Each structure stands twice: as structure tokens, then as C-alpha cells.
Amino acid sequence: MEIFETLYKEFTGFFGYKQLLEIVKTQNYEALLTQKGIQAFLGPLIPLLLIIEVIRGLFYRRYSFPQYKISLFTYILNRFVSSFLSIAMVAFCIGFFEPYALFKTTFTWYWFVYGYVVWELSHFVYHYFGHKVRLFWCLHSTHHAPEYMNLSVTYAHFFLEAPYADIIRTTICILLGVNPPLLFLIMFIDGTWGAFIHVGENLLKDGRLGFMNKIILTPSHHRVHHARNPLYMDTNFCNLLNIWDKVFGTLQDEKRNVEIEYGISRPMKKGDFLDAYFGEIVSLGKDVYHAPGLKSKILYILMPPGWSHTGDHKTATIVKADYIKVHQQELSVETRH
Ligand SMILES: [Zn+2]
Ligand SMILES: [Zn+2]
């Protein structure tokens with residue numbers, strides 16, 4: 001019977017509705033306004049939307065298991081290793097770096113705004129290097145492997161990515177004085193929004209969210225981020241506020257005449273979970289092995305994906321510049337609908 005108990009726990013854990021049920025049972029609705037209440041309310045939202053997305057897909061006969069396979073397997077694997085590692089890393093970074101904080105802030109609304117801006121900066125840093133340093137790309141590329149967009153992609157991550165992300169994000173936030181309880185609240189809101197921006201076309205056809213597209217980072221922006229089109233590669237690194245993409249010039253709107261192609265530029269074995277999970281590591285290993293001399297071996301690890309010791313670089317920046325040169329005219333005409 002233990003197996004049923006474990007499965008039940010996994011089920012409630014995934015949907016995360018336990019706290020909400022508690023609030024409904026005790027009718028203590030005021031609790032919804034507290035930090036715990038907000039978490040209880042937002043927790044079940046993404047899993048629920050994911051189920052609606054799958055059901056809608058089934059109903060319209062657009063659902064096919066391969067679209068979810070890679071994400072599902074990575075979720076199951078990560079469930080056992082990743083979340084534990086990640087929580088331990090956050091706790092460690094807070095304890096270790098708090099004495100060195102430039103200054104300390106408190107749990108107030110204005111420090112919340114400050115904290116959020118700093119959090120987005122730390123997220124930008126982690127995410128930017130996840131794309132621009134080949135070693136970190138090995139950790140991040142699993143998330144970009146799915147060739148479809150739907151809410152399950154939110155769970156597709158290499159198990160070491162969360163600890164890597166959390167070391168960078170937590171350290172920056174703590175050093176810049178973000179109050180730890182505020183940081184947890186921000187992480188939670190960010191996690192929920194970060195999941196929602198993976199909503200697929202099945203559930204939300206136009207991800208621009210109207211005028212919101214001008215103000216925040218929308219599902220449309222994140223779809224662009226997941227695209228392998230030369231114009232879209234390595235853009236939109238932010239999560240909710242897009243200020244840092246604006247500051248660093250990496251903000252890219254979805255163009256009506258450039259249709260998104262999801263996935264990574266390396267040719268992949270279609271729907272192969274192991275290739276999605278370990279493919280980039282294997283490919284980096286091969287490049288390092290065949291590279292002549294220690295210097296080029298190290299450069300393969302540290303330079304952006306696409307760098308080559310032969311000088312024939314295929315990095316996103318170069319591929320994009322070539323593309324823009326050739327397609328200049330088309331790109332200047334944005335078709336209106
Ligand atoms: Zn990314
Ligand atoms: Zn994503």
C-alpha cells in the first residue's frame with residue numbers, strides 16, 4: 001500500500017493545493033492576504049493550467065505525447081535530486097554572504113520593489129551566462145531542448161541547473177542587501193510567473209497579452225527566447241520585469257513575419273530524452289577531446305556555444321549578424337494584422 005501513499009504524496013505535492021484546502025476548511029480567508037496565503041493560492045495554479053492545456057489539446061486532437069515526453073521525464077528525475085540541492089544552496093548562500101551585505105533592508109513595499117529589480121538583475125546574470133558560456137549552456141540547454149512550447153517545459157531542467165542558478169541569484173541579492181524573507185516571496189512570485197510564461201499556443205494563441213507586451217515580459221517574449229531562429233536566439237533573458245533586457249539591448253519582440261521555431265540549433269535525435277539531457281555535455285566533451293593544446297581546450301569550455309578553435313565561429317551573435325545582413329529589407333517591413 002506504501003506505493004499508493006507515495007503516489008498520493010507526489011500528486012498533492014505536484015498540485016500543491018494542501019495549504020489552500022486548509023484555508024477553505026478553516027474558512028480563514030483572511031490568511032489569503034498573508035505571504036503564506038498568496039503562496040497557497042498561486043501554488044496550484046500552474047499544475048492546474050498544465051492539466052487544462054493537456055485536456056484542451058486532447059479535445060481538439062492536437063495533443064501528442066512526444067510534445068510532453070522530454071519535460072515529463074526530466075521532471076521525474078529532477079523531483080528526486082534537484083529540489084533538495086537547490087534549497088540547500090539558497091540556505092547556504094544566505095548564511096554565508098549575509099555578513100558581507102553592502103547594507104540591510106527590511107520587509108516593506110519599497111524594499112520589495114528594490115528587491116525585485118535586484119532579483120531580475122541576478123536572474124539576468126545567471127541566464128545570460130547560461131547562454132554565453134558553453135559549460136553553463138550544458139546545464140541550461142535541457143530547458144531549451146523541447147521543440148514545442150507548453151507548460152510542461154517549465155519542469156524541463158538539468159538537475160544541476162537549479163543549484164547553479166541559485167548560487168548566482170541568491171549571492172547577488174544577499175550582497176545587495178535584499179531581505180531574506182522578501183527574497184523568498186520574490187522567488188515565489190518569480191517562479192509562478194516564470195512557469196506561466198511557458199503557456200503553449202494550445203491554451204493561449206497570442207502570448208502578447210495586449211498592451212502588457214510593452215510593459216512586462218510576456219509569454220510571447222519567452223517564446224521568442226525559446227526559438228532557434230537566428231533573429232531570436234539569445235534574447236529576452238528577463239523573467240517578469242524586462243528592464244535589464246532593455247538596459248543591455250537584448251529585448252526582442254515577436255515579429256509577425258518571423259514564425260518561431262522552438263528548440264536548439266544542434267541537430268537533435270527527435271524526442272530523445274537522453275539527448276536532451278546529456279547531449280550538450282557529450283558534444284562539449286568531444287570538442288575538448290579533439291581540440292589541439294590546453295588553451296583551446298579551456299576556451300571551448302568558457303567561450304559561447306558555437307566557438308571553434310579553427311576560427312570558423314558559429315556563435316549566436318555571428319549567425320544573427322549574418323542573418324540580419326541578408327534579410328535587412330524583410331525585417332524592416334513588419335506586416336500588420
Ligand atoms: Zn534560456
Ligand atoms: Zn523557458
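Let me start with Y232, which sits in the loop between α11 (219-225) and α12 (243-248), where the helices are DSSP runs of H or I with at least four residues, numbered from the N terminus. This is a predicted model, in which local features need pLDDT of at least 70 and side-chain atom pairs count only at pLDDT 80 or more, while totals for chains, interfaces and linings use all residues. Residues are numbered from 1 along each chain as its sequence is written, and chains are lettered from A and ligands numbered from 1 in the order in which they are written.

Why does Y232 count as buried? Y232 counts as buried because it has 22 C-beta neighbours inside 10 Å, and a residue is called buried if 20 or more other C-beta atoms, placed from the backbone, lie within 10 Å of its own. Once neighbours within four places in sequence are left aside, Y232 is in contact with V224, A227, Q252 and I260, contact being defined as C-beta atoms, placed from the backbone, that lie within 7 Å. The C-alpha atoms of Y232 and D253, which are 21 residues apart along the chain, are separated by 8.7 Å.

Turning to the chain as a whole, its secondary structure comes to 15 helices and 0 strands, and buried residues make up 30% of its 337 residues.

One helix I would like to show you is α6, residues 109-132, which has 24 residues and reaches 34 Å from its first C-alpha to its last, close to the 34 Å expected at 1.5 Å a residue, the expected span being 1.5 Å times one less than the number of residues. Its buried residues, including W119, E120, H123 and F124, pack against α7, α8, α9 (180-196) and α12. The UniProt annotation "transmembrane region", from an unreviewed entry, covers residues 38-60, 72-97 and 109-129, although such annotations may be inferred rather than shown by experiment.

Which residues touch the most other members of the largest nonpolar core? In this core of 14 residues they are F136, C138, L139, F158, Y164 and A165, a nonpolar core being a set of buried Ala, Val, Leu, Ile, Met, Phe, Trp, Tyr and Cys residues joined through C-beta atoms within 7 Å. Helices α7 (134-144), α8 (161-175) and α13 (273-290) each supply at least two residues of this core, and α7 gives the most, with 4 residues. Apart from this core lies another, of 12 residues, among them F124, V199, L217 and F237.

Terms used
Two residues are in contact if their C-beta atoms, placed from the backbone, lie within 7 Å.
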